[in-house]
Protein chains: 2
Amino acid sequence: MDGIVFTTDVRKELHEELKPYGEENVFVLTDKNTCKYCLPLLELQMMLPGHVIVLDPGESYKSLESVAKIWTVLSEKGAKRSSVLVNVGGGLVTDIGGFAASCFKRGIRCINVPTTLLAQVDASVGGKTGINFNGLKNEIGTFSVPRQVIIDARFLKTLPRRQILSGFAEMLKHGLLSGKEHFSKILALGTGIITGENFLGLLEESVAVKARIVEEDPTEKGVRKALNFGHTIGHALESVAIKEKMEVYHGDAVAMGMIAELWLSVMKKGFDRALYERVRAFILNLYPVDFPVVSLEQLYELMLHDKKNEKSGVNFTLLEGPGYFTIDNYCSRSEILTALKTLPFFD
Amino acid sequence: MDGIVFTTDVRKELHEELKPYGEENVFVLTDKNTCKYCLPLLELQMMLPGHVIVLDPGESYKSLESVAKIWTVLSEKGAKRSSVLVNVGGGLVTDIGGFAASCFKRGIRCINVPTTLLAQVDASVGGKTGINFNGLKNEIGTFSVPRQVIIDARFLKTLPRRQILSGFAEMLKHGLLSGKEHFSKILALGTGIITGENFLGLLEESVAVKARIVEEDPTEKGVRKALNFGHTIGHALESVAIKEKMEVYHGDAVAMGMIAELWLSVMKKGFDRALYERVRAFILNLYPVDFPVVSLEQLYELMLHDKKNEKSGVNFTLLEGPGYFTIDNYCSRSEILTALKTLPFFD
């Protein structure tokens with residue numbers, strides 16, 4: 001895992017990494033919440049005035065306007081190609097900051113300091129950046145690998161439970177993609193999740209699952225699509241939630257997406273039905289099921305828009321079993337509607 | 001020169017290239033002038049309604065707003081990752097279109113059909129994309145190589161002379177970078193330039209000079225900076241012109257930049273003074289010298305902002321002689337002011 005550091009002293013790692021840059025070349029992007037709870041841990045007193053850019057929190061700020069704001073600061077404060085943007089925050093911050101950095105003067109370096117479980121295990125690793133546009137998630141973005149990702153699990157201790165769950169959905173996904181052994185350890189975690197004594201080891205294993213897949217296929221032409229498991233339906237649910245201004249977390253949507261896409265796997269790939277039932281119960285026990293009321297047809301329409309589709313129809317990653325995935329499965333409208341009906345809010 | 005085609009039948013080449021895409025996947029970006037004069041040559045009758053995006057012409061439209069307009073059309077018309085954007089026009093269109101394509105759904109393919117000499121010889125080749133931002137040229141952009149560049153010199157015949165001159169400045173630059181033999185042929189062209197019987201061969205040679213340098217260093221970490229010859233001062237002049245809303249062409253600014261940067265080369269690298277005088281006279285004979293009145297200090301400030309500078313100071317490519325260039329020369333403020341005084345409008 002080149003460029004990914006696990007540490008219990010993020011301050012030391014970050015200061016070490018920033019040493020070669022002059023203070024005039026260091027910029028920090030964060031959001032209001034992170035600024036309050038996490039930034040003090042970094043002890044960035046040496047930052048020049050105006051070099052800390054603070055976004056408002058929330059998915060609606062994952063916008064072109066936020067990116068323009070970042071570009072304006074970088075430009076006005078004289079950032080150079082040799083400058084660095086340190087993204088401190090959740091996936092929203094690392095996604096926006098990564099995108100802004102990848103286009104500023106045709107690309108400056110960035111360092112990610114993910115402070116949520118979701119960002120640690122997913123968003124900050126793998127080089128996908130993006131913003132929402134025209135009501136669609138990550139419609140605009142780039143592939144751009146951060147120079148360094150610094151992961152310190154101490155940030156997790158102050159996170160609300162729903163935030164932990166949001167990241168944990170990706171760990172579940174990595175578990176399903178990697179094989180029975182790792183997946184069993186994940187299912188064995190108590191409902192406290194990060195209080196489990198195996199948690200730190202599992203976090204590192206989980207990031208390694210993603211890093212391995214991304215390394216094989218950085219720009220998602222093939223095997224990387226596996227990481228999309230649960231996300232085709234998950235993203236559609238999330239898009240609806242954005243439109244309805246409901247507070248649905250990424251992981252909530254992905255967890256539901258995984259239930260439905262596992263059911264497609266049962267129907268089309270012979271995924272073990274008993275294990276499906278176990279995973280479904282596990283997810284429904286952990287995750288809120290308070291989703292926007294929306295018609296199956298509307299969800300299907302949104303899926304047709306998913307950027308993973310290369311031809312008409314909707315493209316899924318499906319599983320034959322834990323660790324055995326197949327990409328580029330196009331499912332029919334009726335198969336998809338059947339799968340959606342496994343979700344409790346379509347009962 | 002992979003991916004660059006010289007043809008006298010652009011229609012045929014383009015239709016061939018577009019065959020594998022369904023019509024729903026083909027989008028064209030152009031501007032109002034190109035739409036009128038050049039698009040008919042392409043016979044794109046099969047385009048779906050709304051799939052031709054027409055920008056207003058002019059540097060002030062090389063903006064984030066134009067990019068947002070393109071993204072909105074692509075998104076609303078359901079463009080997919082497997083869609084293609086065909087950029088038909090000058091450098092403005094290929095720069096904006098290239099940028100828009102490189103970020104839409106994290107990157108879709110584009111094909112460039114450059115219709116001006118400047119775009120044929122420079123902008124559409126080499127994978128630099130960009131828009132102006134915060135009053136600075138190409139402040140935002142990406143490195144992203146088009147899938148195909150189709151060059152048909154027939155487009156040049158309808159171009160106004162100033163447009164020809166604008167592209168020709170880059171050919172002069174390629175001449176200086178490539179060596180005495182090619183450069184002599186360029187200096188030997190009559191003032192009609194494209195009417196010279198060697199012109200087509202020289203155009204292809206000129207593109208090859210750039211393609212060779214870019215291939216060695218696609219993201220401008222080293223040797224590609226050579227292509228910046230004339231542009232450090234040229235860009236500063238152009239930025240002033242944008243602010244003053246004066247109609248200065250890119251090539252006009254670069255031609256002046258080359259005079260001043262050749263003088264730096266004489267002072268610091270022993271470039272032959274007689275040849276310098278010859279090039280200066282050649283340029284002043286061809287190019288308009290109607291530049292905005294601006295203080296030397298203002299220009300110097302703008303250069304300090306140039307994205308090519310990696311440390312403080314201003315970074316130049318300088319020449320020991322035709323074909324012998326050195327990159328990363330930091331010149332002092334007083335050297336730069338002296339060089340600027342070689343320009344007629346600072347007399």
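**Pairs, edges and contacts**

Modeller: Asp31(B) stands opposite Leu55(B) in strand 3 of chain B. This is a predicted model: local features need pLDDT of at least 70, side-chain atom pairs count only at pLDDT 80 or more, and totals for chains, interfaces and linings use all residues. Residues are numbered from 1 along each chain as its sequence is written, chains are lettered from A and ligands numbered from 1 in the order in which they are written, and side-chain values use heavy atoms, without hydrogens and water.

Colleague: How do you know that strand 2 and strand 3 of chain B are joined?

Modeller: Count the bridges. Four bridges link strand 2 (residues 26-31) of chain B to strand 3 of chain B, and the two run parallel. Strands are DSSP runs of E with at least two residues, helices are runs of H or I with at least four, and both are numbered from the N terminus. Pairing needs at least two DSSP bridges, so four are enough.

Colleague: What makes strand 1 and strand 3 of chain B edge strands?

Modeller: Strand 1 (4-7) and strand 3 (52-55) of chain B each have a single partner strand, so one side of each has no neighbour in the sheet. The six strands of this open sheet follow the order 1-8-5-4-2-3, with parallel pairing. On average, neighbouring strands are turned by 20° against each other, direction ignored.

Colleague: What packs on this sheet of chain B?

Modeller: Helix 4 (residues 64-76) of chain B does, touching strand 2 and strand 3 of chain B. Its direction makes about 165° with that of strand 3 of chain B. Angles run from 0 to 180 degrees between N-to-C directions, with axes fitted to C-alpha atoms (for helices, over the stretch in contact).

Colleague: What is the strand order in chain A?

Modeller: Six strands form an open, parallel sheet in the order 1-8-5-4-2-3 of chain A. Strand 1 (4-7) and strand 3 (52-55) of chain A are its edges, each pairing on one side only. Inside the sheet, strand 2 (residues 26-31) and strand 4 (residues 84-89) of chain A pair in the parallel sense over four bridges. Phe27(A) stands opposite Leu85(A) in strand 4 of chain A.

Colleague: Which strands of chain A does helix 5 lie across?

Modeller: Helix 5 of chain A lies across strand 2, strand 3, strand 4 and strand 5 (109-114) of chain A, at about 165° to strand 4. Helix 9 (residues 199-216) of chain A lies across strand 1 and strand 8 (148-152) of chain A, at about 175° to strand 1.

Colleague: What makes strand 9 and strand 10 of chain A a hairpin?

Modeller: Two residues lie between them, and Gly323(A) in the turn has a positive phi of about 90°. Strand 9 (residues 314-321) and strand 10 (residues 324-331) of chain A pair in the antiparallel sense over six bridges. Asn315(A) has Tyr330(A) as its bridge partner. In chain B, strand 9 and strand 10 also form a hairpin with two residues between them. There, Val314(B) stands opposite Cys331(B).

Colleague: Why do Glu220(B) and Arg81(A) count as a salt bridge?

Modeller: Their N to O distance is 3.0 Å. The rule asks for a side-chain nitrogen of Lys or Arg within 4 Å of a carboxyl oxygen of Asp or Glu, so the pair passes. The interface of chain A and chain B has four such bridges.

Colleague: What does the salt bridge of Arg162(A) and Glu247(A) tie together?

Modeller: Their side chains meet at 3.9 Å, N to O. Arg162(A) lies in helix 7 (residues 161-178) of chain A and Glu247(A) in the loop between helix 10 (231-243) and helix 11 (250-269), so the pair ties together parts 85 residues apart in sequence.

Colleague: How many residues does the contact take from chain A and chain B?

Modeller: It takes 36 residues from chain A and 36 residues from chain B. Contact means heavy atoms within 4.5 Å. The buried area is about 3,200 Å², with 55% from carbon and sulfur atoms. That is accessible area (1.4 Å probe) lost on putting the two parts together, summed over both.
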